[in-house]
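Morning, everyone. Let me put the model on the screen, and then we'll walk through it.

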Amino acid sequence: MSRMKSIEPTINANDVASPPRAAQKILGVARDLFYRQGIRAIGVDEIVRRAGVTKPSLYRSFPSKDELAASYLRQYDLEFWGRFDEAVAAHPGDPRAQIAAFLTRIGKRTQKANYRGCGMTNAAVEYPEHGHPARIVSEANKQELRRRLRAMAAAMGAADADTLGDGLLLLIEGAYISGQLFGLGGPAQSVARNADLLIGASLKK
């Protein structure tokens, strides 16, 4: 009886705790490489080398590179909506201020060294096939962003809320790309100001 008690905790610790730690490490390395260099540009060999794990360890947690890419984007999605929800919570009942707060943060991030835009947008460009796991996650993120922006435009009282919401989405996507093209001092730094001008023009009677 005592021998069984001494063995069971060791088995549980190895079987349950170790795989999540390995998966977390792999995902962390993949996230950095995929964002900085692109998903297609990075192979599994590079990921396992930098993570200090073996290929079998990777494939136990992620059945394929495609699934690893989708997992990276699902994590990115959670972080994205976390930032969006923070901006909304900071200005309850004021969608115009909420959008300004969210876009101000985007504008600031575009001015950082080695800015690579939006991981979702980048993945959608890399994977034009609509059924690809990475593309599916990216499309869902963009569709939800479009829905929220249109709803916020309606809450502001815009006569053509859908057009305003889409205009804001176009500004955001433009900031993601121009931030990579122009870098420090580029037009993306003023995305919040341009969005507010667009909102003001749309709300005029």
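Which residues does the UniProt annotation "DNA-binding region" cover? Residues 43-62, according to that record, which is an unreviewed entry. Keep in mind that what you see is a predicted model. Over residues 43-62 the chain is 75% helix and 0% strand.

Now the domains. The domain assignment gives two: domain 1 spans 20-62, and domain 2 spans 73-201. So much for bounds; on to the contact. Domain 1 puts in nine residues, and domain 2 puts in twelve. Between the C-alpha centres of domain 1 and domain 2 I get 27 Å.

How much area is buried between domain 1 and domain 2? About 960 Å², with 43% of that from carbon and sulfur atoms. On the domain 1 side, three residues lose the most area to domain 2: Arg31, Tyr35 and Arg40. Together they make up 60% of what that side buries.

Domain 1 and domain 2 share two salt bridges. Take Arg40 and Glu129: their side chains meet in a salt bridge, at 3.4 Å from N to O. As for composition, the side of domain 1 that touches domain 2 has four nonpolar, two polar and three charged residues.

Definitions and conventions. Residues numbered from 1 in each chain as written. Predicted model: local features only at pLDDT ≥ 70, side-chain atom pairs only at ≥ 80, totals over all residues. Heavy atoms only, no water. Domains from an automatic or database assignment. Contact = heavy atoms within 4.5 Å. Buried area = accessible area lost by both parts, 1.4 Å probe. Salt bridge = Lys/Arg side-chain N within 4 Å of Asp/Glu carboxyl O. Nonpolar A, V, L, I, M, F, W, Y, C, P; charged D, E, K, R; others polar. UniProt positions renumbered as here; feature names shortened; annotations may be inferred. Helix = DSSP H or I, 4+ residues; strand = E, 2+ residues; numbered from the N terminus.
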